[in-house]
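Subject: The structure I promised you

Hello,

Here is the structure I said I would send. Please open it beside this email and look up each residue as you read.

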Protein chains: 2
Amino acid sequence: MQGLIQDAPLTIETIIRRAERVFPTREIVTKTATGLERNTYQDLATEVRKQAGILDHLGISEDGRVASFSWNTMRHLALYYSVPCTGRVLHTGNIRYFPEQLVYTFNHAEDEAVFVDRSLLGLLAPLLPQLTTLKHVVVMDDGAPTPLPEDPRVVSYEQLLAEVEEGAIEGRVTDERTAAGICYTSGTTGNPKGVVYTHRSQYLHALASLSGTLFGTNDRDRVLPVVPFFHANGWGFAHSSLLAGANMILPGPDLSPAGLITLLESEKVTIAAGVPTIWMGMVPLLEDADLSALRVVVCGGSAVPKSLSEAWREAIGLPITQAWGMTEMSPLGSVFNERAEIADLSEEEKADYRTSPGIPAVGVELRIVEPGTTDELPWDGVTTGELEARGPWIASGYYKVEDSGSFSPDGWLRTGDIAAIEPLGYVRIVDRTKDLVKSGGEWISTVAIENLIMGHPSISEAAVVAVPHPKWGERPLAFAVVKEGESVTKEELLGYLGDNLGKWQVPDDVVFIDEVPKTSVGKFSKKTLREEYADYKLPTV
Amino acid sequence: MQGLIQDAPLTIETIIRRAERVFPTREIVTKTATGLERNTYQDLATEVRKQAGILDHLGISEDGRVASFSWNTMRHLALYYSVPCTGRVLHTGNIRYFPEQLVYTFNHAEDEAVFVDRSLLGLLAPLLPQLTTLKHVVVMDDGAPTPLPEDPRVVSYEQLLAEVEEGAIEGRVTDERTAAGICYTSGTTGNPKGVVYTHRSQYLHALASLSGTLFGTNDRDRVLPVVPFFHANGWGFAHSSLLAGANMILPGPDLSPAGLITLLESEKVTIAAGVPTIWMGMVPLLEDADLSALRVVVCGGSAVPKSLSEAWREAIGLPITQAWGMTEMSPLGSVFNERAEIADLSEEEKADYRTSPGIPAVGVELRIVEPGTTDELPWDGVTTGELEARGPWIASGYYKVEDSGSFSPDGWLRTGDIAAIEPLGYVRIVDRTKDLVKSGGEWISTVAIENLIMGHPSISEAAVVAVPHPKWGERPLAFAVVKEGESVTKEELLGYLGDNLGKWQVPDDVVFIDEVPKTSVGKFSKKTLREEYADYKLPTV
């Protein structure tokens, strides 16, 4: 028996319509080369309609992919609405990708147009000859003196704005499962893979963000997403802030600690979100800043060291909050919040809890399983297994790529994280599946060893990978970078590890290198080390 | 182009699964004749599985309707899950209905079984011979000595609990648009009409309730729904509290001011919800109560007098909050919350705002139109029109009844309320469409006149209706009830109204009556007055 409820689809159009109708005077502040540009939601809605007109005018296909290549600005925010509300699909181009990754993703998405900040044109211009599906390169002037390339596809955004009529955004998408956005994620191997969000997934992810299990965003908030709109769906802030009626503070290209802290202070930001390095760089500046309006500083992308969270708490009374997720999860799976059970603990005990990214967000189901199986493991805080996710904003596949290995036989997303879950639901990420070493049937966490090595006073960076071993299957091999002006021998380091680990967990060898190789987004690339040392033979073999 | 997101349906099963998994130790406290019964979400989930087993055991059809006839108790809460999770439809029987309304609704819904509290059996037993679709009358023992009727359909809940195996609740409903519940609403004319909620509508309504535009319910809350589970979908608390991981305090049959205030105090309730009369009766008791845990006292069903809200604020520092909605809206359309713009106003100015039920809730779209048209009117706080609603938890029709008059040609729900909407989005209900008087082309609000008459020191109740007039089309006729021991003449009352209204708004006559007739749920029944005075002739005609 079917119910009798209106068929009101969960579309992105309803978000911008609400913002315009109920919160027309809320602010969008964009930092530009020349200062702060202040606009309202009403202005944003006008910009969205103008962009809709431009997309129609350019003749973009009904479900054509449109790329952005832009900092966090109001124009970029408007693209988050104009593109999907007209039925097209926004591909948020990642400005941090290597040239070959950019060429691959633009061609793979078959982007028909790109909207690019003039200050970022230098990254894209040399690649234009290879971007063969592009018909229009719409350059958005942000005051940068970058020369325009000699390419007939180049057109001025400002000129289009001036010449083209507003387009409609209402009623064009009625099926909430229509694609709304593509965000590529660079895995540990192969080409980046595209996650295709729907109107429904974006709406539900935003609605959940208004609840206390995520950010509890409301209309008094002033949200500063340091996290770029092109990174992991911009953590959904482009949608959740508007749905909540919150003001948005957009930093543009200046992501320096000093620039950001000035913005946090002058704009009385209440929610700020970014990766650990951003918050780490600000620590020395906290003492002189008035950040009394801040209520949430949320940090994701990689684990937040307890010392960093505590440094913030000690300086301004507000600890850093961890979030966890993946591009494949829109991206939010959990954000740390204090459950009732831990509200009365000491600050020291809470600080330990804050090293967890929290309990599963409302709407998200998490489970841990014996790797490679669907056998669920208990939430006892000790047992570790592969973390898997299910829910209405979790990917079921990748764009035009078969990758059944990323999903369990019963349809859950394999996150690739190894985790324990406490009885209270707090998740403890302990490792990546691909980074575990299986030695004599026992799992060894490479992350634990890396953290230990990096805790040595003479070491700046470390990485541990598995290498094949005839007897044990795999054994750990460590790489370490010695700090400038310091020295340490292999024997000293192994001895130090032996004092802190079980004997079977101590790596069989240490290789000193100048630097741990990095991915395009700055993460340690253990993949590169594995490839470079593919023929390496352990000394004991 | 379709997205690549998991097909995770928004079902009620996901709510109970989350509650059991993430919040197993949260409390459900039920007040019974003998004291407080304490259970956990884990216990609730077990009860739900037992009920699922009972429903299967009784052979209820795959999409059969199952009625409840019960106070707010854990068993009633469990029915909110066991019935829809097994694919059936919960019809929450209204214990306040007149016998003929009960017979009509049970037969109209074709209920196959009813789960009835023994203390309420007295209301149902005499009607059993007329309830012809019922195959099972499951009596839930609550300690009342009510004798069991001699009817072969009667069976003991406790006996079934003891004898029947647990049933499955997982994976039985996969289409989120499957019917989950029926709630009847008694209109101003004719038989009650059934609103049929879906799994999707219930889920989205609950998820929105976790946002700050409604209750912002979170896992530290202790929610006391005084509003019965059978009234207007119990305002969604049966679902939103579990989704948030909040504790629930269920009052059972004792809705006395003293009983409730003891419960509010001892259980440290944070959110309480009910109709104005409940909160009015508590005012004299507030002084001696410690209600410091309360953060929201929400009031709906009819307009909250400013004096009542202020009486609470003066007594305990917390004003009463208005909510607005309809059974047809699941029922929430808005809950008053302070927007950023009014945060710095004086308490006196805020008190005026609090007479509004708030801005449209996230997920709900509201508009005002010229009555009988789809011409939208401006949000200027002055222009009034018929209030209409659209959204994913708003009804599109009634069960087995054609009623196109309740919906606009473009599919919005006609709420029957006349309202103005302020530029900030605050809704101001001024009247009911059916209660307006159209005199010489101008609308006269009967509610405004009624409030004025009831403000006269000698009057206790008042009602104003339209009567036909040869020249003006319609003119207002007033009914008034004089307080015991007081006296006032028609001329005095009309003179008083003349001092406070435009001349054309003053009723043409006042009729003194002993009592304003009431509906089964206690509202003024102006319909009855209209019928009784159908042949009435105004003195000036």
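First, some ground rules. This is a predicted model, in which local features need pLDDT of at least 70 and side-chain atom pairs count only at pLDDT 80 or more, while totals for chains, interfaces and linings use all residues. Residues are numbered from 1 along each chain as its sequence is written, chains are lettered from A and ligands numbered from 1 in the order in which they are written, and side-chain values use heavy atoms, with hydrogens and water left out.

**How the two copies are related**

**Where they meet**

Contact here means heavy atoms within 4.5 Å. Chain B gives 72 residues to the contact and chain A gives 72 residues. The copies meet through the same surface, because 100% of the interface residues of chain B are also interface residues in chain A. About 5,600 Å² is buried between the chains, with carbon and sulfur atoms giving 51% of it; buried area is the accessible area (1.4 Å probe) that two parts lose on being put together, summed over both.

Between chain B and chain A there are 12 salt bridges (a side-chain nitrogen of Lys or Arg within 4 Å of a carboxyl oxygen of Asp or Glu). One salt bridge joins the side chains of E341(A) and R26(B), at 2.6 Å from N to O. On the side of chain B that touches chain A, α1, β8, β9 (193–198), α7 and β17 of chain B each supply at least two residues. Among these elements, α7(B) gives the most, with six residues. Helices (H or I, at least four residues) and strands (E, at least two) are DSSP runs, numbered from the N terminus.

**Salt bridges to look up**

Over all chains, the structure holds 86 salt bridges. One network of them links E13(A), R17(A), E365(B) and R390(B).

Within chain B, R367(B) and D410(B) form a salt bridge, their closest N and O atoms being 2.8 Å apart. R367(B) is in strand β16 (residues 365–369) and D410(B) is in the loop between β17 (385–390) and β18 (413–421) of chain B, so the pair ties together parts 43 residues apart in sequence. Is R367(B) buried or exposed? R367(B) is buried, with a relative accessible area of 4%, whereas D410(B) is partly exposed at 41%. Buried means under 20% relative accessible area, exposed over 50% and partly exposed in between (1.4 Å probe, protein chains only).

D151(B) and R153(B) also pair, at 3.0 Å from N to O. D151(B) counts as buried at 17% relative accessibility, and R153(B) is buried with a relative accessible area of 17%.

**A covered helix**

Finally, have a look at helix α1 (residues 12–22) of chain B, where nine of the 11 residues are buried. Among them are I12(B), I15(B), A19(B) and V22(B). The buried residues of α1(B) pack against α2 (41–57), α3 (74–85), β8 (179–185), α7 (199–209) and α8 (237–244) of chain B.

Happy exploring!
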